[in-house]
Amino acid sequence: LSIKNGDISMFIHEHYNYFEANSLISTVKQAGFKVLEVVKSQSSGVLYCAAVKTKPERHDMTQKYTGKRFTEFLYSHNKVLSSLKTRLSRIHEVPGYTVGFYVPLRALPYLALIDTTHKYRFFDDDDGVHKKYIDGHDVPIENFSDLAENPVSEVFVMSFEFGEKIANKIRQYIPHTKVTTLSVLCGE
């Protein structure tokens, strides 16, 4: 889902490598292994690869990858980024309108690409990060109770996996806060 929708936050949040069978096979071969089998998990998108050490294949890694999947990823990413930029620019024209981002580590790659001087609030349900800061940001991470006590005008929920669950909770308990999910930004 993250690859399909051009979600750049997948690179810094929890996962550093997302593969499809073909890209995993190519990477394993370039590392000097012969692929014996690639199997997809029945319960998730996890790929398992069995391989044995051989001589690495020589590939020109200096050429820009322009495969179909990468092109689709860039197209989807640009669509999401443009949608977020447009929404934020309209929001900033409304006096007193406040904005927050749920799952801030997933929001940061997008915000880094948007030239903005506006302050946003960050929210996360992980007790381990409550009232803590993300490097380079002077905004403490708040939790759901903080949001309920002092709501923002709109909150962007930047998670595919938990987006609807978080959004529904906000809609149920804080009905005056507008909720926009990452899926909505992707046009799903």
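Predicted model: local features only at pLDDT ≥ 70, side-chain atom pairs only at ≥ 80, totals over all residues.
Residues are numbered from 1 along each chain as its sequence is written. Local features need pLDDT of at least 70, side-chain atom pairs count only at pLDDT 80 or more, totals for chains, interfaces and linings use all residues, and side-chain values use heavy atoms, leaving out hydrogens and water.

**Exercise 1.** Work out how many helices and strands the chain has.

Solution. Start with the DSSP runs, numbered from the N terminus: helices are H or I with at least four residues, strands are E with at least two. That gives six helices and seven strands. Next, follow them along the sequence, and the pattern reads α-β-β-α-β-α-β-β-α-β-α-β-α.

**Exercise 2.** Is Ser41 buried or exposed, and which residues does Ser41 touch?

Solution. First locate Ser41: its place is in the loop between β1 (33-40) and β2. Then check its relative accessible area, from a 1.4 Å probe with protein chains only: buried means under 20%, exposed over 50%, partly exposed in between. Ser41 has 14%, so Ser41 is buried. Finally, look for contacts (heavy atoms within 4.5 Å). Leaving aside residues up to four places away in sequence, Ser41 touches Val46 and Tyr48; Tyr48 is found in strand β2 (residues 47-53).
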